Amino acid sequence: MPGLKTPPNATPLRVLFAGNENGGGGGSKPTSSPSPLVSRSKPTKRTPDHKTLTDESSLDNPDLGPFLLKLARDSIASGDNPNKALDYAIRASKSFQRCSGPGLELAMSLHVLAAIYSSMGRFEEAVPVLERSIEISDFENGSNNALAKFSGCMQLGDTYSMMGLFDRSIQCYESGLSIQIEALGDSDPRVAETCRYLAEAHIQAMQFDEAEKLCKKTLEIHRKHSAPASLEEAADRRLMALVCEAKGDYESALEHLVLASMSMIANGQENEVAAIDVSIGNIYLSLCRFDEAIFAYQKALTVFKSIKGESHPSVASVFIRLSDLYYKIGKLRESKSYCENALRIYAKPVPGTTLEEIASGLTEVSAIYEALDEPEEALRLLQKAMKLLEDTPGNRSTIAGIEAQMGVMFYMVGMYGEARSSFMSAVAKLRASGESKSAFFGIVLNQMGLSSVQLYRIDEAVELFEEARMILEQECGSSHLETLGVYSNLAATYDAMGRVEDAIEILEYILKIREEKLGTANPDVDDEKKRLAELLKEAGRTRNRKQKSLENLLDTNSYRTKKESAKRWSAFGFRS
């Protein structure tokens, strides 16, 4: 059974906490956050004494709010007890509410308060605070209020992202972008930064069509305002290449990466050129242009070793790419050697290496060991990666991907109960993260259904296959290979339940599509013919060449009464 792979890692979204007058929403160069945490109101020279600060009635003092807000910021900057900063921010917000009412100063204090809640991991408490800040920011009262409303939307989007609620996060970013466009126009360079930020969010949610539209808009704006071969344009092209690669348009991706590399070379960004070379190697690998891929990887490896040292995670990541390449060209000894080189780096990480980087690397190496038919080693690496990741809302999707791969490993070694438990945990996390409509979710459901079949949980398997079918039809189309695999599993399960007619009709549709796509002489088509012939013989029928539409077929199937019969196994297999 082929291994399940987690989706490619999307560009991570930055957290918007610090403030900036430009209102930018993201980009390749370090930019300040849209959230305006720097107060425009300066405290007066008179400093309230301790007794005043501790007296709730003193909150009516108009000088107290700015002073408490400054104390909150100073506490954050100094790394003091966050509870002290939280107390200052809460009381500052109350003071602004009493003295000036809803307005810019209160909105800014609420942004600070929400940032403190988020830094403490109390995201649920940050959400209503930010919603309140958006509500009280009146767009019509000038550009500062518009900026505050924009910043609130972006900060709320970041908070939802850290909670793993990507759909809500994207909605907030879109609201922020609309406010910014209304205030600045749709061709302002700051709008381009927000478009890029939103595109990154869509990529993380695997919504590539929306990401592509935003990338094109960003490129148009930067062409208008930036010099040719600018760093901004290079960053846009790298993001566009990521989208094109995800959509399978490798030639376009390669073109964008080459142009981005030329821009980085012109600007003396040697380290970024090496990172782009890795991406170029990935594209060549996808195009089976192996010699060119090796050259690109080795070029990047030389630069990373020179600049970052031989034990840096960037070096390990190139080793993993080379390992994957050598596996694909059949040089298994070299492939395993590069895996071992990467694991040595992860075993003794250099200072500054994050646990997430190590976990991600171990997960990738695990996939190669799986391909090398060493499921026990692959499973050990996945379990090690799981231990490194803290089970927080922001890590749910990553952990779900690892659990899904662990499910595949358990399945491969015949531990079907453990496989089902891993898939069930992954499914629960993906549902909680708002990713229950993604293609990846459909694939995980299909894998869980296979585990249920092995445990004779046929009714559960049917439900999982049917949900997977609906999702993959929506996300991939009814003729996609993943969708056809689910149809095949559904047909096999129907047969096991005694629903032979339902199984035959689905299998006839699968065979028709495979004949159209692969030709009648393809081995896969031949296998499907044999399976269908056996079922038709059992049912005393011949193949129906006049096909029903899939829509009618599946709709009628969903309303049919299940036949009461003993559970039995079909003569044809299940597909992962």
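Is Phe319 buried or exposed? I found Phe319 to be buried, with a relative accessible area of 9%, where buried means under 20% relative accessible area, exposed over 50% and partly exposed in between, with a 1.4 Å probe and protein chains only.

Before going further I noted that this is a predicted model, in which local features need pLDDT of at least 70 and side-chain atom pairs count only at pLDDT 80 or more, while totals for chains, interfaces and linings use all residues. I also noted that residues are numbered from 1 along each chain as its sequence is written, and that side-chain values use heavy atoms, with hydrogens and water left out.

Entry: the whole chain. I read off 25 helices and zero strands for the protein chain, taking helices (H or I, at least four residues) and strands (E, at least two) as DSSP runs numbered from the N terminus. Of its 576 residues, 50% count as buried. The accessible surface comes to about 26200 Å², and 50% of it belongs to carbon and sulfur atoms; the areas come from the Shrake-Rupley method with a 1.4 Å probe, and for residues only the protein chains shown count as cover. Among the contacts (heavy atoms within 4.5 Å) with a separation of 6 or more, I noted that 64% join residues 24 or more positions apart.

Entry: aromatic rings. I counted four aromatic pairs, using the rule that rings of Phe, Tyr and Trp (its six-membered ring) pair if their centres lie within 6.5 Å, with planes under 30 degrees apart called stacked, over 60 edge-to-face and the rest tilted. One of them is the edge-to-face pair of Tyr173 and Tyr197, at 5.2 Å centre to centre and 80° between the planes. Tyr173 lies in helix α7 (residues 166-184) and Tyr197 in helix α8 (residues 189-204), so this pair ties together parts that are 24 residues apart in sequence. Tyr173 is buried at 1% relative accessible area, and Tyr197 is buried at 0%.

I then turned to Phe319 and Tyr338, whose pair is tilted, at 5.8 Å centre to centre and 35° between the planes. Because Phe319 lies in helix α14 (residues 313-328) and Tyr338 in helix α15 (residues 332-347), the pair ties together parts 19 residues apart in sequence. Tyr338 counts as buried at 17% relative accessibility, and ring pairs link Phe319, Tyr326 and Tyr338 into a cluster.

Entry: Ser335. I located Ser335 in helix α15, where it counts as buried at 0% relative accessibility. Leaving aside neighbours within four places in sequence, Ser335 is in contact with Ser323, Tyr326, Tyr327, Ile368 and Leu372.

Entry: backbone exceptions. I found that Met206, although not a glycine, has a positive phi of about 60°; Met206 sits in the loop between α8 and α9 (208-225) and counts as partly exposed at 30% relative accessibility. Asp373, also a residue other than glycine, has a positive phi near 65°. I placed Asp373 in the loop between α16 (355-371) and α17 (375-388), and at 60% relative accessibility Asp373 counts as exposed.
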